[in-house]
Each structure stands twice: as C-alpha cells, then as structure tokens.
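I opened this entry to keep track of what I looked up, one place at a time. My notes follow the order in which I went through the chain.

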Amino acid sequence: MSVLRWRALLWLTFAFFVIGCGLVQFSRGVALQTDLMALLPPTERNPLAERVIEKLAEVNGNRAVFLVGASNPEVTGKAVRLFAERLRESGVFRRLVAEMPKFDPDQITKTYAGYRFGLLSENDRSAFRSKENDLKERLLRKLHAPFRLGAMFSIEDDPFGLLDSWFSGLPLKDIKLEPEDGLLVARADGRVWGFIFGELSVTAYDSDFQERVVREVTRAENELRTHFEDAGVLRSGAVFYASAARTEAKSEMDFIGTVSTLCIVLLVYLVFRSFLPITLGLLSVGFGVLAAAVLSVSVFGEIHLITLVFGASLIGDTIDYPIQYLSARLGAGKAWDPLSGLRRIAPGLTMALLVGILGYGVLVFLPFPALLQIAAFSITGLSVTWITVLTLLPFFLRSPDSRGANSVISFLQGGLIWFQVKTGKKKCAAVAGALVVFALPGCFSIKWNDEVSLLISRSPDLMRQESRIRDLTGYSGGSQFFLVEGKTPEEVLINEENLSAKLAEMAAQGVIAGFRGISSFVPSRERQMRNRLFWERNIFSDREALRRVLSGTGLHEHVANALIEDFDASKNRFLHVSHWLKAPFSFPYRHLWVGETRHGFASIVLLRDIRDFGRLAALGEGLEGVTFVDKVGSVSRLFRSYREMGCSWLFYAVCLICIVLSARYGCLQAICLLSPALLSMALSMALFGYMGIPMTLFNILSLMLVLCAAVNYAIFMREGGVKVAATLAGVLLSAITDLLSFGLLSFSSTPALSGFGLTLLLGIGASIVLTPGVLVFCRQVES
C-alpha cells in the first residue's frame, strides 16, 4: 500500500506544479489567438516579401471601414456625424475620419508644377515620337475647355495640357467616393452612403478589445436607428471577423465539450453504475487537458482558437486510458488487486500511448503553426492522462468492485461469443476482400481540394457587408501584389516602370482590372530625363516658334518667357520619392513605398480583380528585381505538396507501427492488429469518393488518427481479451467515446475541422465494426 501512496504523492506534487504554473499564466489573462493569418506558415522564398505581407496584414488588420446610408442626403449627413461622434466617445478608435477637410487642388499643383518638364504620359510620348502632337491644337483645346475634367493646372503652367494629360493617368480615381458636404459619399439604389474610416487604438486580435469594439459599434448602431429609422450601417474590418470567429469557436468548443462530456458520463455510468469511475475518469481527462493548455501557453505564448476546438474533442481520446483500468477492476471482482491490474493493462496502455504519439507527432513536421500547437496539446494531454492512470487511479481504486457484469455487459459478451462461433477466419478474410473490392473504385474517384479557405470560417453576414462596401466604394483588396526591389530608390522606380509597362498590356487584355504603384506618381530620374528631352526637342528647340504659337492665341508674351525661363532653370530639378512622400495628398498611397531594406530599397504594386494568376506569376519571374507575391496561392501550393506527401507518411507510419507491434506480438499478429485500421481508412476514403466530397490535407492527417485509434482498439482487445465481460465493454466504450468526441468535429464551421471530423467519424465507425474480427485470429472468447 505504501507503493500506492508514494505514487499518489508523486502525482499530487506534479499536479500542484501544473496548477501553480496555470495560475501564474492565466492570472495574466489567456492569450487567445484569433488572427487567421497566424494559421499560415511562411511561404515566400523572398524573406522581404513575407515581412511585407505581415506589415500589410498589421496595417489593414487595425483598420475598420463603415458606410452609413439613408435615402435622403441630409439624413445621411446627420447620421454619419452622429455615428462618428458616438464611436469617438467610445475610445476604441485611435483615429476616426468621417468629415473630409476641404480639398485644396493647390497641394497637388504645387507638388508637381515645379517638376512638370520631367512628366509626360505614355500617349504623349508616343505622339511626340510619331510627330503627331500638334501644339497649336492642344493649346486651343486647353483655352476653350479650361475647366474640363482633369484640367488641374493653369494655362500659364501647362499651356499644352501635357501635365493635365499625365495627371489624368494617375490612379486617383479608382475609388468611387465623391466629396459632398464635407463627407465622402457613394450613391446606389436610391440611397446615399457616407464613408467613415477608423484606426483601432489596440490590435484587432486582442480578445477583450474585440468584445469592446463590437459592443461599442453595436451600441452606436442602435442609437443611430432610434434617431433615424431609415439609416443603415455596413461595417468591415479584421476586428469584426476575428470577434465573429472567436464567438463561433467558443460556441463550438462549448458544444463539443459539453455534449461529449455528458455522453461519456452517461455511458460510463451505464457500464460501471457508480459515480466514482465517472469522477476519476473526468479527473484524469481534465488534468490532462489542463496540463496541455499550460504547456501550450508556456511554449507558444498563446492558444489558437482551432486548438481549443480540437482540444475539446480530445476528451474522447484521453478517456480511453481510465476506462481500461476501470474495466479491469470491474472484471476482476473480489480478486481485484490494484497493482496486479495495473501490470496487466499497462503494456496495452503504453502501446496505445506510443501509437497516439506517432499519430499526432506527424503534425509536428508540418509548417503550420496551429497544427504544431495542436500536436503539442494532444501529445501532452494523452501523456499526462496516461501518467494519472498509472499513478493516481490505483490509490483510489484499492478496494474491489464486487458487482460484476451487468445486463449490458452480458449482452455484449453473448453477442461477441455468437460472432466468433458463427464467423471463422475464412469468412472474415472473405469479408475483408469484399470490402477492399468495394473501396477501390471509390478511392480512385477521390477529388482533392487544396484551397487555403479550408482554414478560415468567415461570417456570411460580414462577407456580405464587405462585398457591398467594395461595390459602393470601388475598393478591392487582395493578398496578391508585386514586390519590386533595387539597390537604390532610382533602381526600384526603373524596375517598377518596366513592370508597369507589362501590367498596362495585361490590363488592356483583361488579365487584371488595374494596378497601383508608386512609379505612377513618381517617375524614375531616368524617365524624367527622357521626358525632358521630349520637351526640349518638340517644344523648346525653336523658341521663337513657341512664342508665335502662344501669342497667336492671344496669350501675353510673359507666358512664353516665363515658360522658357522655368524650363532652363529646371535642368537639374527632378521629382524624388522623398518629395512625394512629404505631400499631404500622398497619405493614402504611402504604403506602396516599403522603403529601405537590408539589401537596398523596395516598393509594392497592388493589383485589382486578377483573372489569370499564372500569367502574373510568369511575369514576376521574367523581370529583374520583381517578385509576384501570392500568399493564398503559396499556401494552397504548400497544401498540395504536403497532401501529396501524406500518402507516403501514412505508409511509413503503418510500417513503423507494424514494427512496434511486431516487437511485442510477432509479425503475423501485428498484421492482424493492423488490418481493421487499414480497412477503416480505405472505407473512409471510398465513401468520400462515392459521395463526391473533395478530400484535403486535413483528411489525410485525420486518416493518421483513424489508424492510431483503430490500432488502439485492437491492442486493447488483444491485451484484455474477452475473458471478462467488463473488459469487452471497456473496449467498446472507448470506441464510442472517440466516435462521439471526434465525430462532433464534423459540425464545426471551419471546413478543415469539419472534414477532419467527418473522416474520423467514418473511420472510427468502421473500426468499431471491424475490430472484433481481431479476436477471430488472435484470441478465443470464453463465456
């Protein structure tokens, strides 16, 4: 008995240590990760591209956009101002912009007018090359339509409209919003929408802050509707998606954890007819999950939502260990000895733990941070539960359970005896062969899906609002862009201009709807020098002719003199990126300039409405200093790569498990123990093929767990046999609890977890039916 007490004290010491660490960590608050991008691994070959992706994600993630609309423009204005005022009062936004300062065109003209002789549109350059630029005609057009759309510069600064022509090509009109009454508004379907832009005061992925933002925005919306019944609000931002994902994950975690726990409690009580087994089983599982959570926070500094949802389903896996020990006690009756019972089941539990570690260990070799965390969480939970069963349960279960088998167990025992009598080895082999024949066509008809959207569950309502905002404003975001690098800012601009020429051709062909880069606003020094040559050769080469053209239309002589003097004085004057960045109107586009890097300088070119990713990727490979960055595509390709490797991993895992089993049971029995698992995996895949449901990397990973679970059931059957009715009940109870816990994952709103759970549901369900066949080959049932 002293040995039992010593083991219990050892477990108690370990428990105090884990609980103490948990109290220290959780007292500071649990860092719950809701950032969907945190699920994704680094995928870009260019490290700078990965840093730019993170920077853009951070900038965009801390922004929120609102559209407040009504059918009457006056009501819209009042509603926008009221809504913005309430959000400012809430304090959740560091900066909130609703009313626009009066637009001063002089800001733009002052920035560009001094460098106008280095600025020419591509159309004007082509016209000068072909000698089709009639200066007199251009001057007359400028004089007769001085206020036409795009005419920003005065007749004195730009008599031929060349600067106007260049300016009209800037990507300033991609946005459909128009200034009105101090607001930016959009009109559609008889309603007027006012634009509000906000920057959060705290990161969007802070769980407590998410709740506060959603609460304050909802409160502002409710107050708005009490004052203006006709008003409506559209919202978009990472903080809203993260909050919705957090709420959904918490709901799923509560559902899976509650339902699986209640079902397990009911089943355990049905079999053991006592609350002591239930208490010890829940204690073992609860402590294992707690230790897993403490380790995850210690190692990773946070817990991801998907880890919590998956961890809730781990209950069914970890409960297997205490069930086997409780079943051994029930079956021993008055002859029960806790240490003898432990020695009898310990080899089987240890083999099951090793198989489980092998199964979850595969996730460690994947580059996905969330999967690595799930692997660490699951392996820790299983290991700590195993330790609890071996050290604590024998102390509390010193006395025997004299009740013996109940009617449920007797029924199962009788059914299995009938099965073994009626079913011989030949019949089992024939059934296995028929299942293989059935499964093969389905396996060969499987379709595959490698889309990154499998990792993301986005609120349909928020997606609808975001789509509506894009339609109204013309804004179209995306995770695809070109990264342009160079040793100097000048080299970056030259490389970007080469890229822009190709992108313009693709835009004309419909490959993309448009693009936006900093070279559109700031030409390279080399291009400005070439543009200046066009001016010199085509306008200032014959200065007397220039004077005659200008004076012939009635312009005063000082216009020509001032133009000539300014041209001569601007010989060494060139527009630089630093000049443009200082201009107030450049603020919405400054993110296009990455700036200085470890190897020089860089910029990005954003794209709109991509229709052919392949051509863009090929373009990035063919230009110097240009890299096409497609985070979504890169992760999808990574999914495909690892999914294709998954079959090899499964094969190696089967071989490794076979070696481990052979060391204890011999080669032939190892193959028998593996057969139900292999058939269950094949049937699961075949059903996906027959139902036309695409399989993914996560289905392959779940097949690994089907392999582990089915092998565990076979091990428990082989180790415990069916000489005692309670042992058989424990094996079936373990399978049912796994089926409940993992099967509930199929109801998850996250596609990856849903497919994961469905595969486990089918695979474990098949293994429950097939595993009793192990006894036909390995042991004999005794009544």
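I began with Leu9, which I found in helix α1, residues 2–27; helices here are DSSP runs of H or I with at least four residues, strands are runs of E with at least two, and both are numbered from the N terminus. Leu9 forms a nonpolar patch on the surface together with Leu12 and Phe16, and their accessible area together is about 310 Å². Such areas come from the Shrake-Rupley method with a 1.4 Å probe, and for residues only the protein chains shown count as cover. I noted that patches take residues with over 30% relative accessible area and no salt bridge, joining nonpolar side chains (Val, Leu, Ile, Met, Phe, Trp, Tyr) within 5 Å and like charges within 9 Å; a salt bridge is a side-chain nitrogen of Lys or Arg within 4 Å of a carboxyl oxygen of Asp or Glu.

Before going on I wrote down that this is a predicted model, in which local features need pLDDT of at least 70 and side-chain atom pairs count only at pLDDT 80 or more, while totals for chains, interfaces and linings use all residues. Residues are numbered from 1 along each chain as its sequence is written, and side-chain values use heavy atoms, with hydrogens and water left out.

Next I turned to strand β7, residues 232–237, where 6 of the 6 residues are buried, that is, under 20% relative accessible area, with exposed meaning over 50% and partly exposed in between (1.4 Å probe, protein chains only). In a regular strand the side chains alternate between the two faces of the sheet. In β7, Gly232, Leu234 and Ser236 point one way, Val233, Arg235 and Gly237 the other, and all are buried. I also saw that β7 pairs with β2 (residues 63–70) in the antiparallel sense over 6 bridges, where pairing requires at least two DSSP bridges between the strands. Ser236 of β7 is the bridge partner of Val65.

I then compared two loop positions. Asp134, in the loop between α5 (122–129) and α6 (135–144), is partly exposed at 40%.

Last, I recorded that buried residues make up 53% of the 783 residues in the protein chain.
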